[in-house]
Amino acid sequence: TLTVPSTSLTTSVRLQEAGRVRRTGVRVATGTRELTVLPVPAEYPSDRPWLPASAVDIRERWQPADDALGVGEPVERELDIVVTGNLAAAIPPPDDELPASHFRQYPEPAVLTDDRGGTTVTGRRRTRYAILPTAPGSVRLPDVAITWWNVDAARVEVARLEGRSVTLTGGTAAPAAGTDAAATQRATAAEPSQPDPTTPAQATEPLLAYLGRYLPALGFMAA
């Protein structure tokens with residue numbers, strides 16, 4: 001049992017009586033309130049972070065949004081997890097890894113925001129990624145899933161963002177004679193060179209800006 005103590009406020013108000021204005025002191029207070037805190041239900045998976053909520057939604061955005069991507073050509077992904085009835089800090093990091101055989105992924109720190117307007121709170125966890133396809137082929141991107149407890153229906157649920165299939169074209173082999181210079185750069189620039197870690201300005205700049213600065217040949221610009 002959790003007891004919420006009383007909260008009081010003392011102020012003054014203006015009163016008008018018989019054409020005269022006077023001020024009088026007023027004190028208002030709430031009553032105490034007792035809340036019953038329930039334990040985590042036994043049926044909730046013990047290996048999953050506890051996330052009680054009224055609704056959980058997972059969304060994503062790719063730029064470009066094509067299902068055909070070029071090897072060595074950077075792609076931007078934005079992953080949003082929106083939870084109704086809980087704070088953003090309660091949202092666990094998603095299992096967002098892509099197949100290492102075909103991608104290198106560089107996430108930025110997640111941005112957590114809360115909307116406390118209305119009768120409930122809505123938390124949002126937004127993560128942006130710079131992604132480099134590294135090998136050609138057809139690849140199925142994995143689902144993104146979040147286990148949560150539906151406080152309205154009193155049951156375990158799983159919010160799921162279905163994966164999708166993409167085709168990666170091109171490769172790192174030397175281009176044939178007559179290939180233009182831009183295509184040659186795209187084929188040979190597999191990944192960015194690392195900045196000097198002793199330089200604070202380079203060590204702390206966001207990854208998307210870093211890729212846009214050091215991979216001009218790939219035509220990638222951080223949003």
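**Starting from Leu-69**

Leu-69 is buried, with a relative accessible area of 4%. One caution before I go on: this is a predicted model. Leu-69 belongs to strand S7, residues 68-70. What does Leu-69 touch, once we set aside its neighbours within four places in sequence? The contacts are Val-75, Pro-133, Thr-167, Leu-168 and Thr-169. Take Leu-168 from that list. Leu-69 and Leu-168 are 99 residues apart along the chain, yet their C-alpha atoms are separated by 4.9 Å.

Next, the aromatic rings. How many aromatic pairs does a search of the whole structure find? It finds 2. One of them joins Tyr-44 and Trp-50. That pair is edge-to-face, with 4.9 Å centre to centre and 80 degrees between the planes. Are these two residues buried or exposed? Tyr-44 has 6% relative accessibility, so it counts as buried, the cut-off being under 20%. Trp-50 is partly exposed, at a relative accessible area of 35%.

Trp-50 has a second ring partner, Trp-149. Here the centres are 6.4 Å apart and the planes make 35 degrees, which is a tilted pair. Where do the two tryptophans sit in the chain? Trp-50 is in the loop between strand S4 (33-35) and strand S5 (52-53). Trp-149 is in strand S13, residues 144-150. The pair links distant parts of the chain, 99 residues apart. Trp-149 counts as buried, because its relative accessibility is 9%.

The charged end of Arg-77 is over the ring of Tyr-129, 5.9 Å from its centre. Arg-164 lies over the face of Trp-62, at 4.8 Å from the ring centre.

Back to S13, and its sheet. In what order do the strands run? The order is S5-S13-S14, an open sheet of 3 strands with mixed pairing.

S13 and S14 run antiparallel, joined by 7 bridges. Within that pairing, Ala-145 has Arg-160 in S14 as its bridge partner. Asn-150 stands opposite Arg-155 in S14. The two strands form a hairpin, with 4 residues between them. Look at Ala-154 in the turn: its phi is positive, about 55 degrees.

Last stop, the largest pocket. How much space lies in it? About 180 Å³. Which residues line it? Arg-48 and Pro-49 do, along with Pro-92, Pro-93, Pro-94 and Asp-95. Ala-145, Ile-146, Thr-147 and Val-158 complete the lining. The largest share comes from S13, with 3 residues.

Note on methods:
Residues numbered from 1 in each chain as written. Predicted model: local features only at pLDDT ≥ 70, side-chain atom pairs only at ≥ 80, totals over all residues. Heavy atoms only, no water. Phe/Tyr/Trp six-rings, centres within 6.5 Å; stacked < 30°, edge-to-face > 60°. Buried < 20%, exposed > 50% of the residue type's maximum accessible area, 1.4 Å probe, protein only. Lys NZ or Arg CZ within 6 Å of the ring centre and 35° of its normal. Contact = heavy atoms within 4.5 Å. Pairing = 2+ DSSP bridges. 1 Å grid on protein atoms, 1.4 Å probe; cavity = no way out; pocket = protein on both sides within 12 Å on 5 of 7 lines; lining within 4 Å. Points joined across faces, edges and corners; volume = space filled by probe spheres on them.
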